[in-house]
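Subject: Structure handover and findings

Hello,

Here is the structure for you to look over. My notes follow below it.

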Amino acid sequence: MKTQEIANNLVEWCNKGDYAKCYQELYSPDIVSLEPSWAEHSRSEGMEAVGKKGEWWENTFEVHSTTVSEPTVAENWFSVRFDMDTTHKPSGQRSTSSEIAVYQVKDGKIVQEQFFYDMPGQ
């Protein structure tokens, strides 16, 4: 798949809530996922580690809604904006947030994703 097709599929499937399909069809088994350095899972390498990060997310946050913007594509890279309405399960605090995700594509698969957002409460 070309970068534009991968980007379009990721946006469509995420907006439908079908994250598993993204991981199964778009991601390299050797994916590297990067969060800000202060985040719980700042670096996850490989599909197993990314899966554990996803489990942590599901156990920590109730997601009320997520919207993903149209992608911006530049050669083997693309970015999207995620807007989320979530509740932090341990505290019960509900909030909205926005983040930018940047993806790198190689050999028809996403090989790296990196998320940019402010520290909660900042």
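A word on exposure before the details: buried means under 20% relative accessible area, exposed means over 50%, and partly exposed falls in between (1.4 Å probe, protein chains only). By that scale Lys-89 is partly exposed, because its relative accessible area is 45%.

Some ground rules. This is a predicted model, so local features need pLDDT of at least 70 and side-chain atom pairs count only at pLDDT 80 or more, while totals for chains, interfaces and linings use all residues. Residues are numbered from 1 along each chain as its sequence is written, and side-chain values use heavy atoms, with hydrogens and water left out.

Helices (H or I, at least four residues) and strands (E, at least two) are DSSP runs, numbered from the N terminus.

Lys-89
Lys-89 sits in the loop between S5 and S6. Contact means heavy atoms within 4.5 Å. Setting aside residues up to four places away in sequence, Lys-89 touches Glu-58, Asn-59, Thr-60, Phe-61 and Glu-62. His-41 is 48 residues from Lys-89 in sequence, and the two are 17 Å apart in space, C-alpha to C-alpha.

Aromatic pairs
Rings of Phe, Tyr and Trp (its six-membered ring) pair if their centres lie within 6.5 Å; planes under 30 degrees apart count as stacked, over 60 as edge-to-face and the rest as tilted. The structure has 6 aromatic pairs. Phe-78 and Tyr-103 are stacked, because their ring centres are 4.7 Å apart and their planes are at 15 degrees. This pair links distant parts of the chain: Phe-78 is in strand S5 (residues 77-88) and Tyr-103 in strand S6 (residues 93-106), 25 residues apart. Both Phe-78 and Tyr-103 are buried. Elsewhere, ring pairs join Trp-56, Trp-57 and Phe-61 into a cluster.

Salt bridges
A salt bridge is a side-chain nitrogen of Lys or Arg within 4 Å of a carboxyl oxygen of Asp or Glu. There are 7 in the structure.

- Lys-53 and Glu-35: the closest N and O atoms are 2.8 Å apart. The pair links distant parts of the chain, with Lys-53 in helix H3 (residues 47-60) and Glu-35 in the loop between strand S1 (27-34) and strand S2 (43-45), 18 residues apart. Both Lys-53 and Glu-35 are buried.
- Arg-43 and Glu-45: the side chains meet at 2.6 Å, N to O. Both Arg-43 and Glu-45 are exposed.
- Glu-48 and Lys-52: the closest N and O atoms are 3.5 Å apart. Both lie in helix H3, 4 residues apart, about one turn of the helix. Glu-48 is exposed, because its relative accessible area is 61%.

Salt bridges that share partners also join Glu-35, Lys-53 and Glu-113 into one network.

Glu-99
Which buried residue has no salt bridge? Glu-99, in strand S6, is buried without one, and the nearest side chain of opposite charge, Lys-53, is 7.7 Å away. For charge, Lys and Arg count as positive and Asp and Glu as negative; His and the chain ends are not counted. Beyond its neighbours within four places in sequence, Glu-99 contacts Val-80, Arg-81, Phe-82, Met-84, Phe-115, Phe-116 and Tyr-117.

Helix H1
H1 (residues 3-15) has 13 residues. The helix reaches 18 Å from its first C-alpha to its last, close to the 18 Å expected at 1.5 Å a residue. The expected span is 1.5 Å times one less than the number of residues. Buried residues in H1 include Ile-6, Leu-10 and Trp-13. Just after H1, Gly-17 takes a positive phi of about 80 degrees.

Best regards
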